[in-house]
Amino acid sequence: MAAKEFKIFCGNANRPLAQEIVDYLGVPLGESKIKRFQDGETCLAIDESVRGADIYVVQPTCHPTNDNIMELLIMIDAIRRASARRITAVMPYYGYARQERKTRARDPITAKLMANLITTAGADRVVTMDLHAPAIQGFFDIPLDHLPGVPILAEYFKEKGLENLCVVSPDLGGVTRARDFSERIGASLAIIDKRRPEPNVSEIMNVIGDLKGKTVIMIDDIIDTAGTITQGAQALLERGAKEVYACCTHAVLSGPAIERIGNSVIRELVVTNTIPLGKEKTIPRIRVLSVAPLLGEAIVRIHEDLSVSKLFS
């Protein structure tokens, strides 16, 4: 076996994305089987040798979150015990990223627990995209490559040729992302001031910035129940925006999200495929962009010990 050989495996979380990545790289997908025993336990079989190879395990920890986490941990453990040279967990979506700090007494910090589990299982490196809290990078004692989704989203909107643009951050925490996006497409910037009285509930308090007559693009890292993005879009139109688009990296789209988006004033919602969209979530208003070329290039650069950051410079 060549000293620099690499192989790509995946769990069940997003097999279509893993297939896109290997098609882009021109390599086969690693042979493995993941099943469930009758009692719900995960059964894994790696059906080819990984000895001495660099292994990349593609597995976003999206819904069903806990099942996908266990698949990832078990696959890493199996590959480590089979004498792989280096194991990289490629997690386009990092589950539990919104539980990264204590907001009340006796709260867990589950994002840190996730980092501990992945490291203990045997991962040597992690690749992920648009962490909800960038500080999560510091939860790991192994190298982590944090890839932004903004360049992919910005390129799409540049090609649309929209004019008189304003980029809107749906909250104060997303201003850095929105500013990067606005600079890439040559747009002005505005911010929604909101509060969350409880999880998955938001109230629009104010909009900071000039929207009159502008085509507005709202950008976020995650859209979950779509309450914030749909309420925000309505508020922007009421404050003079001409039309509203929205985009995000991670389309969680849980609960009433699809119904809300379908009934909203949003002209188009642009997302990436870090999380697979089932048929029930595939509606004409949602456009999906692939992150496979980006992840494929990142894998090549990591394997060849080259700079990953130069992908975005």
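Start by selecting Lys-33: at 44% relative accessibility it counts as partly exposed, a label for anything between buried (under 20% relative accessible area) and exposed (over 50%), using a 1.4 Å probe and protein chains only. Before you go on, note that this is a predicted model, in which local features need pLDDT of at least 70 and side-chain atom pairs count only at pLDDT 80 or more, while totals for chains, interfaces and linings use all residues. Residues are numbered from 1 along each chain as its sequence is written, and side-chain values use heavy atoms, with hydrogens and water left out.

**Stop 1: Lys-33 and its partner**

Lys-33 sits in strand β2 (residues 32–36) and Asp-47 in the loop between β3 (42–46) and β4, so the pair ties together parts that are 14 residues apart in sequence. Helix and strand names follow DSSP runs counted from the N terminus: helices are H or I with at least four residues, strands are E with at least two. Asp-47 is partly exposed too, with a relative accessible area of 35%.

**Stop 2: the hairpin**

Colour β2 and β3. They pair in the antiparallel sense over five bridges; two strands count as paired if DSSP finds at least two bridges between them. Five residues separate the two strands of this hairpin, and Gly-40 in the turn has a positive phi of about 95°. To see the strands side by side, pick Ile-34, which stands opposite Leu-44 in β3.

**Stop 3: the five-stranded sheet**

Next, show β1, β4, β5, β6 and β7. They make an open sheet in the order β1-β4-β5-β6-β7, with parallel pairing. Which strands are at the edges? β1 (6–10) and β7 (144–147), each of which pairs on one side only. From one strand to the next, the twist averages 20°. Zoom in on β6 (residues 125–129), joined to β7 by four bridges with the two running parallel. Here Val-126 stands opposite Leu-144 in β7.

Axes here are lines fitted to C-alpha atoms, for helices over the stretch in contact, and angles run from 0 to 180 degrees between N-to-C directions.

**Stop 4: His-303**

Click on His-303 in α8 (residues 292–303). Is His-303 buried or exposed? It is buried, with a relative accessible area of 6%. Its side chain makes a polar contact with the side chain of Asp-54 (3.1 Å). That term needs a pair of N or O atoms within 3.5 Å; within protein, one must be able to donate a hydrogen and the other to accept it, and residues adjacent in sequence count only if both atoms are side-chain atoms. Leaving aside neighbours within four places in sequence, His-303 is in contact (heavy atoms within 4.5 Å) with Lys-4, Glu-5, Phe-6, Asp-54, Tyr-56 and Arg-86.

**Stop 5: two packed helices**

Select α2 (residues 65–81) and α3 (residues 110–121). They pack at an angle of about 25°, with their axes 8 Å apart. That makes α2 roughly parallel to α3, the label for angles under 35 degrees. Show side chains where they meet: among them are Ile-69, Leu-72 and Leu-73 in α2, and Met-114 and Leu-117 in α3.

Being four residues apart in the helix, Arg-81 and Asp-77 are separated by about one helical turn. Arg-81 counts as exposed at 61% relative accessibility, and Asp-77 as partly exposed at 24%.

**Stop 6: a buried pair and a network**

Jump to Asp-221 and Arg-177, a salt bridge with its closest N and O atoms 3.9 Å apart. Asp-221 lies in strand β11 (residues 215–223) and Arg-177 in helix α5 (residues 175–185), so the pair ties together parts that are 44 residues apart in sequence. Asp-221 is buried, at 3%, and Arg-177 counts as buried at 17%. Then select Asp-54, Arg-85, Arg-86 and Asp-305: salt bridges that share partners join them into one network. The whole structure has 17 salt bridges.

Notes:
A salt bridge is a side-chain nitrogen of Lys or Arg within 4 Å of a carboxyl oxygen of Asp or Glu. Angles under 35 degrees count as roughly parallel, over 145 as roughly antiparallel, 65 to 115 as roughly perpendicular and the rest as oblique.
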